[in-house]
Amino acid sequence: MHNQLIQLITKSIVLSDRESDLCIRYFEPVLYPKHRILEEEGKIPEYLYFVVSGFVRLFHYNDKGDEVTTHINCPPGFITSYTNFVNQSKSDENLECITECELLRITKTGLDLLIQQSPAFKDFSILVFQQSLSYNEKRSKELATLSAEQRYLKLMDEHPEVLHNVPMQYIASFLGMNPKSLSRIRKQVIR
């Protein structure tokens, strides 16, 4: 399971054998069934997860008690309630396996040790953080400027695997619409 993580890192950063071994040592492989809550709101996130296979989502409850999906992660990629994980503060989000998942996980202490011991992993962590900031800015802009249909078409174009593996109510929430609107848009697109 560590091969995908090492491959992702080495696409942009040169890792020594020692640094690869450190990644393998600090990232623990885990398997979870679908619908498993990995991290709960009101608690400090214990782990940063690397998604090897499966789909994971971040969600919270709005003031009406409805679930609002803020992020869907498909492999390969990292996911947690990042700010709360880094600051070791209580999260207002839940992290859930949408499907059965193969994950690698690392504690905050483990991540700090890995960054201290591996200059390459430190560089990679900075790169991932920059990509995450860029993604969040882009997503905020798209939610504010694109129509619901444009957001759906963009998801369909960039991540078609999400449409085949994630329940529609989560996709609708992620795209900032209700399931009825998504259903109507999907019918129009099929025509």
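Strand S3 (residues 47-53) is joined to S6 by three bridges, and the two run antiparallel; strands count as paired if DSSP finds at least two bridges between them. In this pairing, Val51 stands opposite Gly77 in S6. The structure is a predicted model, in which local features need pLDDT of at least 70, side-chain atom pairs count only at pLDDT 80 or more, and totals for chains, interfaces and linings use all residues. Residues are numbered from 1 along each chain as its sequence is written, and side-chain values use heavy atoms, with hydrogens and water left out. Helices (H or I, at least four residues) and strands (E, at least two) are DSSP runs, numbered from the N terminus.

S3 and S6 belong to an open sheet of four strands with the order S1-S8-S3-S6 and antiparallel pairing. Strand S1 (28-32) and strand S6 (77-79) stand at the edges with a single partner strand each, so one side of each has no neighbour in the sheet.

Helix H1 (residues 2-10) lies across S1, S3, S6 and strand S8 (101-107), running at about 100 degrees to S3. Helix H4 (residues 108-117) lies across S3 and S8, at about 70 degrees to S8. Angles run from 0 to 180 degrees between N-to-C directions, and axes are lines fitted to C-alpha atoms, for helices over the stretch in contact.

Ser173 is placed in helix H8 (residues 168-174). Not counting residues up to four places away in sequence, Ser173 touches Glu67, Val68 and Thr69, where contact means heavy atoms within 4.5 Å.
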